[in-house]
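Subject: Structure handover

Hello,

Here is the structure for you to take over. My notes on it follow below.

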Amino acid sequence: MAFVSLLIPCFVIGTDMALSCQNADDFVGASSPGDIIIGGLFAVHSEMLHPEEVPIKPVIQNCSGFEIQVFLQTLAMIHAIEMINNSTLLSGVTLGYEIYDTCAEVTKAMASALRFLPKFNSSEDVVEFKCNYSDYIPRIKAVTGASYSEVSMAVSRLLALQLIPQVSPASSAEILSDKIRFPSFFRTIPSDFHQTRAMTHLICESGWNWIGVIATDDDNGRFALESFGVQAMANNVCIAFKEMLPAYLSDNTFHTKVDHAIEKIVKETRVNVIVVFMRQFHVLQLFKKAIERNVNKIWIASDNWSAAVKISTLPNIRQLGTIVGFGFKSGDMSSFQEFLRNLHERPTENNKFLREYIMLSSICAHLEYHDFQTCISNQSQDDLLENIENKYQIWRDDFLNANIEPGFIQSTTLAVYAIAHAIKRQCKDRKCKDPSAFTPWEIFPDMLREFSLEENVTQIDSDDSKLTTEASLPVVLYKKGTAKRLLLQEKNIFSYYWRFILMFLSDFFFCLGFVLCTLQKVQSTCSQHCKPGQMKKVTESPHTCCYECVYCPENHYSNRTDMDYCYRCNNKTYWAPINSTACYRKTIYFLAWTDWFAIFLLLLSTFGVLLVLSICVIFTKNLDTPVVKASGGLTVCYIILFSHFLIFISTVFFIDVPTELKCKTRQTLFGISFTLCISCILIKSLKILLAFSFDPKLQNFLKCMYKPIPTVVTCTGIQVIICTFWLIFSTPFVNQNFSIPRAIILECNEGSIVAFGIMLGYIAALAFICFIFAFKGRKLPENYNEAKFITFGMLIYFIAWIVFIPVYATTFGKYLPAVEIIVVLISNYGILCCTFLPKCYIMIYKQETNTKSAFLKMVYTYSSKSAGSVAVSQVSLDSKSSSLRATISETCNTEKNSVNGNCHFQVPGQPLIKGKVLPKNAARTTARKRLSSI
């Protein structure tokens with residue numbers, strides 16, 4: 001290490017590349033003759049030397065920075081060609097190769113690609129211009145490479161002119177899948193679409209949504225970043241920052257921008273995951289700076305550097321944190337390793353790359369592993385030239401084996417075999433020892449069969465004669481605390497079968513669990529995760545991943561973390577409190593049988609029924625007594641008592657779960673029963689008033705009105721019609737009342753409030769008429785006078801229903817039916833008690849007054865008091881002369897001012913008033929006749 005630190009970091013150049021190439025042959029890095037030539041493009045050197053000033057001559061510059069891993073890929077191509085030549089795959093046809101160094105630059109790659117296009121067996125390296133290249137035979141039949149997508153894009157556009165197949169083992173840009181723009185391009189690895197999709201799944205499964213991205217500012221980096229951005233957006237992953245580093249190490253701003261990227265990573269403390277789409281030597285420079293700043297993050301590697309040995313063996317790499325990425329599936333490396341062990345015995349005349357490696361390893365042979373690797377990459381030109389002069393060479397095959405990246409070696413081998421299989425199909429009926437037997441574009445359809453449209457790659461079977469379409473992305477993890485590469489397992493995370501492209505998910509999650517065990521404790525989010533019961537509230541940040549967590553409002557819930565919104569409880573039968581993780585079924589309320597208030601009301605109704613039955617028994621036992629006859633007779637009493645019975649029964653329909661039958665029955669039963677009761681009481685009031693009224697005009701009116709059966713039928717029939725129309729056109733129904741947040745009140749909706757009001761209003765109208773008639777007869781004989789008690793009963797009814805209206809309008813809930821039950825019971829008890837209990841009292845406790853003689857005596861006494869009453873036929877006094885009228889009556893009753901039954905009374909200032917004196921005996925006779933008919 002001490003030796004390396006003293007070395008001046010100069011550019012490394014090849015032996016024949018020390019000076020500008022003098023002829024085209026100097027341009028070739030490795031070559032071998034054969035019947036069919038295959039081209040190769042590899043970035044054996046990491047950069048191309050650029051002059052400090054703008055170039056004034058079109059001279060191709062030399063390269064520096066020997067890349068041992070890419071050098072091994074060139075050896076893999078040579079090894080694969082030699083294995084094919086030694087096998088029976090092509091039946092005696094040998095493959096040759098020409099491999100060029102692109103130096104990771106498009107300019108150098110284009111110059112190399114031009115070497116592939118000249119006409120075969122031409123004395124000059126000249127590319128002929130033709131409108132149709134169908135019969136044009138170029139020097140090579142196919143090309144393997146290039147290493148980087150940006151280079152492959154440029155080369156593919158040039159090769160597409162003659163449809164020369166190009167198979168890349170490392171270019172993963174998604175745009176290269178476009179067969180319109182790149183018709184002759186193929187590859188043996190999945191595109192960035194699958195890689196970025198895998199990265200996004202890994203990020204999502206790890207619970208991260210706030211990450212940084214660093215990429216090279218070239219086509220490969222930009223396309224990978226674009227693809228990843230689309231996948232990240234689709235999976236709600238936000239990119240906190242994007243840093244683009246220059247594509248070329250020779251860029252003067254490269255180290256400045258690396259420092260800026262590291263500063264950005266350090267500044268963004270909430271970003272703990274960095275996705276890196278860069279070339280290996282870019283990553284190496286970035287990590288060196290990161291180690292100096294003690295940056296500790298999760299690094300997600302692209303396939304380009306995920307298994308890079310130079311990075312996994314970087315000193316103090318464990319300080320960086322954890323590196324996880326996706327690589328390429330490797331195959332059996334035993335044959336290639338054997339090839340490397342015998343490599344030093346091979347001639348180097350036709351392989352400048354090998355000769356350069358031998359010289360570099362001789363210079364750095366005395367160093368340890370990592371220092372040896374650094375020495376090779378940074379060896380100066382002077383040391384290299386000195387070694388050439390000394391001719392002293394030392395071989396280190398252990399270093400080559402240690403730097404094998406199996407994924408890239410396998411991909412390169414697959415590329416060569418894919419070309420060989422396509423050539424084999426062309427050679428079935430042709431003599432392919434003649435290079436002009438077929439053109440490159442003729443193997444193009446065979447190449448399409450080797451590679452599906454979904455970029456499936458080929459894999460060599462054990463007999464080297466058959467290819468299968470399968471690719472994979474195993475997980476590579478640099479575990480914190482060790483500097484060694486840890487390959488989790490060889491099982492594919494993604495198996496891209498071209499027929500079953502979606503089958504990768506099961507394999508992905510099978511293998512992903514191993515990675516998540518290492519990463520599960522790392523947090524990389526802009527905001528804290530919102531717990532179940534919360535939702536995201538977007539802040540002023542432009543990123544959707546930056547938010548606040550707020551509780552779900554009432555009747556909303558969230559059952560997962562980081563939900564963008566809360567679900568509303570699916571219907572009105574569920575509810576949820578604030579900060580709820582689930583909806584709960586609402587409690588259903590109704591006036592149940594078991595409710596204490598319902599039990600109390602049922603007891604009152606039961607007592608009422610018993611009271612009705614008791615009164616019925618009492619009246620039946622006193623069937624022929626004057627009190628029963630004075631009540632209208634047993635038939636009328638039975639009808640009234642039956643209606644009271646039905647009213648008490650109707651309260652049962654207000655309790656328990658409402659049904660359509662209950663809702664329709666309870667109001668109609670109550671309305672018709674109450675109407676029947678009031679109608680019968682109205683007839684009784686008319687009869688009593690008719691019996692004891694001595695006013696001729698009132699008598700005539702009452703005689704016209706008193707039609708018992710028609711009146712009862714008509715009054716009740718009108719209510720029946722009202723209820724019938726109500727049930728037909730707007731029938732009551734069961735309703736769910738959601739006015740209480742956490743409950744559902746089952747209640748009967750009356751259907752039409754107007755119809756309900758008409759029904760009650762009609763009962764009230766009948767009760768008011770009955771009240772007027774009863775009020776007029778309130779001073780009739782006390783023991784047999786029902787009018788006074790009917791008046792009290794009607795007053796109780798009016799008070800109950802007047803109070804009911806505002807209470808009913810302002811009450812809601814399960815006790816709303818109870819309010820109606822209460823008013824029904826009060827009005828029913830009031831009328832029942834006022835109508836029948838006084839008579840029952842007489843029949844039980846004052847039986848002596850319930851005889852015919854006592855009744856006649858009472859009638860005589862009342863008639864005697866009323867015998868002197870004067871029926872005034874013509875009274876012209878105004879309403880203020882009531883006292884005068886009393887004086888007239890008193891004067892005439894003394895019979896001093898009466899002459900032959902006529903009474904004349906003169907008041908000063910008033911006209912003469914005439915009246916008629918009713919004889920006492922006549923009055924008594926009339927009263928007795930009327931009462932006897934009751």
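Two strands are taken as paired if DSSP finds at least two bridges between them. One of the residue pairs is Ile214 with Glu243, the latter in S10. How many residues of S10 (residues 238-245) are buried? The count is 6 of the 8, so S10 is largely enclosed by the rest of the structure.

Keep in mind that this is a predicted model.

**Overall**

The chain has 934 residues, and buried ones make up 53% of them. It holds 29 helices and 29 strands. Take the contacts with a separation of 6 or more: 71% of them involve residues 24 or more positions apart.

Ile38 has Ala142 in S6 as its bridge partner.

Phi of Ser91 is near 55°, a positive value in a residue other than glycine. Is Ser91 buried or exposed? Its relative accessible area is 63%, so Ser91 is exposed.

**From S6 into H4**

Gly145 and Ala146 are joined by a cis peptide bond, with omega about 5°. Ala146 belongs to the loop between S6 and H4.

Helix H4 (residues 149-159) has 10 of its 11 residues buried, so the rest of the structure largely encloses this helix. Among the buried residues are Glu150, Met153, Val155 and Leu159. What do the buried residues of H4 pack against? The list is S2, helix H3 (106-114), S6, S7, S8 and H6.

**Two helix pairs**

H6 turns up again in a pair with H5. Helix H5 (residues 192-205) and helix H6 (residues 219-234) pack at about 45°, with axes 9 Å apart. The two are therefore oblique to each other. Their crossing is right-handed. On the H5 side, the residues in contact include Asp192, Phe193, Arg197 and Ile203. On the H6 side, they include Asn220, Ser227, Phe228 and Gln231. By class, this contact has 6 nonpolar, 5 polar and 2 charged residues.

The other pair is H24 (residues 753-776) with H25 (residues 787-810). Their axes come within 9 Å and cross at roughly 150°. Angles over 145 degrees count as roughly antiparallel, and that makes H24 roughly antiparallel to H25. This crossing is left-handed. H24 brings residues including Phe756, Leu760, Phe768 and Phe771. H25 brings residues including Met794, Phe798, Trp801 and Tyr808. What classes of residue make up the contact of H24 with H25? There are 19 nonpolar, 1 polar and no charged residues.

**Two loop residues**

Asn555 is placed in the loop between S19 (547-551) and S20. Phi of Asn555 is near 65°, again a positive value in a residue other than glycine. Its relative accessibility is 21%, so Asn555 counts as partly exposed.

Asp564 is in the loop between S20 (556-557) and S21 (567-568). With 47% relative accessibility, Asp564 also counts as partly exposed. Setting aside neighbours within four places in sequence, Asp564 is in contact with Met535 and Lys536. Cys530 is 34 residues from Asp564 in sequence, yet their C-alpha atoms are 9.3 Å apart.

Best wishes

Terms used. Residues numbered from 1 in each chain as written. Predicted model: local features only at pLDDT ≥ 70, side-chain atom pairs only at ≥ 80, totals over all residues. Heavy atoms only, no water. Axes fitted to C-alpha atoms, helices over the stretch in contact; angles between N-to-C directions. Helix = DSSP H or I, 4+ residues; strand = E, 2+ residues; numbered from the N terminus. Parallel < 35°, antiparallel > 145°, perpendicular 65-115°, else oblique. Left-handed = near helix turned anticlockwise from the far one by under 90°. Contact = heavy atoms within 4.5 Å. Nonpolar A, V, L, I, M, F, W, Y, C, P; charged D, E, K, R; others polar. Buried < 20%, exposed > 50% of the residue type's maximum accessible area, 1.4 Å probe, protein only.
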